[in-house]
Amino acid sequence: MLTRATLAVLCLACAFGAVLCEEEDDDHPFGSIRNCAPDSDLAELKDVSVLGFAKNETVCTLRRDKHTSITIDFVAKKREWRVFTKVHGIIAGLEMPFELKHPDACKDTGLVCPLAPGQHTYTYSIFVDKSKPKLRHVDVKWELLNEFNKPLVCVLIPARIR
């Protein structure tokens, strides 16, 4: 049987939790996708989306033997002569590189190098091979790097592979 004191504590905890969740939504305009280079002096992330992943979902489901795509809108603050894509899967804190067929971000992605300062949209289509293991949780770290390996944009996407 619950006492009045226990009920009061539960009500306060629920109210406090609701406030925390509300504040978190304001801090994360990309839903559960996180900006992992928020202080970049090279670019500002404006939007990010993954095909089939709604911003109100907490985990992106990547299906093996299927294509998906990522679209990143950003504003470049400086001219960049070359831009590369680097992708890692993070499992239990360990970053494992994911080899891309086309790591040059200025080929077939909507970007043209040299990249001029201003608004840009980057889109990359990726095939999730059936040989990839099924994973309950992996954070996908997707980066756009300049020729000096400095991040223009970095996003962390909570995902699972089915």
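## Exercises on rings, core and strands

The charged end of Arg-79 lies over the ring of Trp-81, 5.9 Å from its centre; a charge sits over a ring if NZ of Lys or CZ of Arg is within 6 Å of the ring centre and within 35 degrees of the ring normal. The model is predicted, so to speak of local features takes pLDDT of at least 70 and side-chain atom pairs count only at pLDDT 80 or more, while totals for chains, interfaces and linings use all residues. Residues are numbered from 1 along each chain as its sequence is written, and side-chain values use heavy atoms, without hydrogens and water.

**Exercise 1.** Find the aromatic pairs and classify each one.

*Solution.*
- Step 1: Rings of Phe, Tyr and Trp (its six-membered ring) pair if their centres lie within 6.5 Å; planes under 30 degrees apart are stacked, over 60 edge-to-face, and the rest tilted.
- Step 2: The structure holds 2 aromatic pairs. Tyr-122 and Tyr-124 have ring centres 6.5 Å apart and planes at 20°, so this pair is stacked.
- Step 3: For Tyr-124 and Trp-142 the centres are 5.7 Å apart and the planes at 65°, so this pair is edge-to-face. It links distant parts of the chain, with Tyr-124 in strand S7 (residues 118-128) and Trp-142 in strand S8 (residues 135-146), 18 residues apart. Strands (E, at least two residues) are DSSP runs, numbered from the N terminus.
- Step 4: Put together, Tyr-122, Tyr-124 and Trp-142 form one aromatic cluster.

**Exercise 2.** Decide whether Tyr-122 and Tyr-124 are buried or exposed.

*Solution.*
- Step 1: Buried means under 20% relative accessible area, exposed over 50%, partly exposed in between (1.4 Å probe, protein chains only).
- Step 2: Tyr-122 has 0% relative accessibility, so it counts as buried. Tyr-124, at 7%, is buried as well.

**Exercise 3.** Describe the largest nonpolar core.

*Solution.*
- Step 1: Such a core is a set of buried Ala, Val, Leu, Ile, Met, Phe, Trp, Tyr and Cys residues joined through side-chain atoms within 4.5 Å.
- Step 2: The largest one has 35 residues, and Tyr-122, Trp-142 and Val-155 are among those with the most contacts inside it.
- Step 3: Strand S9 (151-161) is one of the strands that each supply at least two residues; its 6 residues are the largest share.

**Exercise 4.** Name the strands joined to S8 by bridges.

*Solution.*
- Step 1: Two strands pair if DSSP finds at least two bridges between them.
- Step 2: S5 and S8 run antiparallel, joined by 8 bridges; here Val-87 has Trp-142 as its bridge partner.
- Step 3: S8 and S9 also run antiparallel, with 9 bridges. They form a hairpin with 4 residues between them, and Asn-149 in the turn has a positive phi of about 65°.
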